[in-house]
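Work through the exercises below with the sequence and the structure in view. Each task is followed by its solution.

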Amino acid sequence: MAGTLDPRRVYGQYSFWLETCGDDLSPRPALEGTYEADVAILGAGFTGLWTAYYLLEREPGLKVVILEQRIAGFGASGRNGGWLYPGFPVSLGELAERYGEETARAIHYAMRETVDEVERVLQVEGIDAHFHRGGVLRLARGAHQVPALEETARTLERLGITDYAEWLSAEAVRQRVRVTKVVAGLYSAHGAVIHPGRLVRGLARAVERRGAVIFEETPVVGFRGGSSPFFRTPRGEVRARVLVLAGEAYLSQLAPLQRTLIPIYSLIVLTEPVPDEVWQEIGWENRELLSSQRLTVDYLQRTADGRIMFGGRGAPYRFGSRIADAYDRHGPTHEMLRHMCYEWFPALRLHGVRFTHAWGGPLGVPRDWMPTMRYDPCNGIALACGYTGQGVATANLAGRILADLITGQESELTRLPMTSHRLKDWEPEPLRWLGVRFVQLGYERLDRIAEATGKAPTGRSLVERLAAH
């Protein structure tokens with residue numbers, strides 16, 4: 001694919017993280033012919049790499065092979081917001097309603113431990129992912145966003161998780177970071193900012209040191225479980241005792257899985273390094289992860305080199321769950337994000353701080369928002385997917401769960417409900433497109449109304465009930 005072009009220019013264009021990961025982006029050799037392995041993994045992103053890492057940590061003699069359609073970290077793992085924190089695709093309140101309070105607490109604490117576990121591996125493997133434990137600060141920007149923040153605080157209290165977060169007044173928030181319109185905040189120390197490109201590329205090197213083989217520019221075009229599981233690629237196949245499906249949103253492009261996930265695009269803009277005098281106006285010295293309570297989602301980080309990354313939703317779902325490189329950039333959404341960043345931090349516009357990067361990519365959304373982490377020894381197929389944009393930490397948890405399941409080690413993690421969860425099919429087209437676009441446009445409308453009226457969404461609208469999680 002790359003020909004004589006510099007691979008850093010070819011693949012680095014997909015995100016600032018890949019561009020600045022400090023790793024050689026030249027593709028590894030592609031698969032040619034037939035390859036035998038104990039475990040074959042589809043996808044060299046966080047899920048596939050963490051699964052390989054923990055499998056080889058538990059059983060160093062395993063023969064593990066990973067098939068990647070482009071290069072390691074090409075997908076969401078190399079394009080996300082760098083939020084390593086205990087957030088889970090389904091809210092604590094919804095988890096308690098679906099599975100009971102004890103299970104909700106178990107998932108919460110498993111996610112909290114995941115942040116520590118990633119930090120441990122970074123230290124053991126010598127991966128400099130710009131890890132900084134600054135915590136997570138959820139903001140209410142206006143009175144209309146306070147009820148959502150209060151509901152989160154009440155849920156934590158009801159579940160007895162009183163050590164996780166503290167309520168901050170507007171002035172207390174200003175002591176940390178100066179953002180316009182803030183009236184309150186909820187701060188948790190349990191979170192870290194990372195450079196995801198450095199993490200995913202470093203993790204790929206780590207699994208290779210442990211004996212895994214990665215074939216790149218090798219798309220999987222078919223697979224079969226049963227007595228002789230295999231992955232089929234354009235120029236060969238891999239036969240293995242266990243197949244691991246770890247392609248997240250890209251799994252929707254395989255015929256048997258087309259309706260199990262939908263690819264929703266999340267987009268990001270990034271400023272140039274912000275001058276010191278502007279940082280003095282903004283604050284944000286501890287580099288907390290930031291977000292507001294918008295239904296359409298926003299997520300921010302301050303990078304190690306002093307830039308502001310601002311991400312959010314808004315790009316439309318594509319008919320038939322199509323994925324294409326061209327969809328990584330959506331002019332209206334990227335312009336909206338730039339405008340929002342200036343609105344949050346007026347000093348950026350005042351001092352002429354420019355935006356240097358814009359990118360995006362698809363994330364996988366299951367029908368009920370609940371991720372799946374399963375292994376069926378009868379057909380030899382393991383699956384982990386459905387992070388709905390919360391995958392940086394959740395993928396590590398998935399890798400540990402799959403490693404336990406595949407090696408037959410019963411643990412507290414294997415008793416979590418994700419291991420028995422079954423993906424529900426999305427509606428066929430055109431109903432799928434109509435429904436998803438109805439929710440996307442409805443969320444945008446509800447955000448506009450709340451900002452204009454100062455009144456929070458009721459939670460009773462059809463849009464909110466359809467997408468409750």
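A disulfide is a pair of cysteine sulfur atoms within 2.5 Å. The model used here is predicted.

**Exercise 1.** State how many disulfides the structure holds, and classify C21 as buried or exposed and C341 likewise.

Solution. Apply the cut-off to the cysteine sulfur atoms: the structure holds zero disulfides. Next, take the burial limit, which is under 20% relative accessible area. C21 has a relative accessible area of 6%, so C21 is buried. For C341 the value is 0%, so C341 is buried.

**Exercise 2.** Determine whether the radius of gyration of the protein chain agrees with that of a compact globule.

Solution. Start from the chain length: for 469 residues, a compact globule would have a radius of gyration near 23 Å. The protein chain has 21 Å, which agrees with the rule. Then consider the extent of the C-alpha trace, which spans about 60 × 50 × 45 Å along its principal axes.

**Exercise 3.** Describe the fold content, the contacts and the burial of the protein chain.

Solution. First, the secondary structure comprises 14 helices and 18 strands. Second, among contacts with a separation of 6 or more, 76% join residues 24 or more positions apart. Third, 59% of the 469 residues are buried.

**Exercise 4.** Characterise the surface and the charges of the protein chain.

Solution. The accessible surface comes to about 18,800 Å², and carbon and sulfur atoms account for 51% of that surface. For the charges, count 55 positive and 55 negative. Their mean positions lie 4 Å apart.

Notes. Residues are numbered from 1 along each chain as its sequence is written. This is a predicted model: local features need pLDDT of at least 70, side-chain atom pairs count only at pLDDT 80 or more; totals for chains, interfaces and linings use all residues. Side-chain values use heavy atoms; hydrogens and water are left out. Helices (H or I, at least four residues) and strands (E, at least two) are DSSP runs, numbered from the N terminus. The radius of gyration is taken over C-alpha atoms; the globule rule is 2.2 Å times the number of residues to the power 0.38. Buried means under 20% relative accessible area, exposed over 50%, partly exposed in between (1.4 Å probe, protein chains only). Contact means heavy atoms within 4.5 Å. Accessible areas come from the Shrake-Rupley method with a 1.4 Å probe; for residues, only the protein chains shown count as cover. Lys and Arg count as positive and Asp and Glu as negative; His and the chain ends are not counted. The place of a charge is taken as NZ of Lys, CZ of Arg, CG of Asp or CD of Glu.
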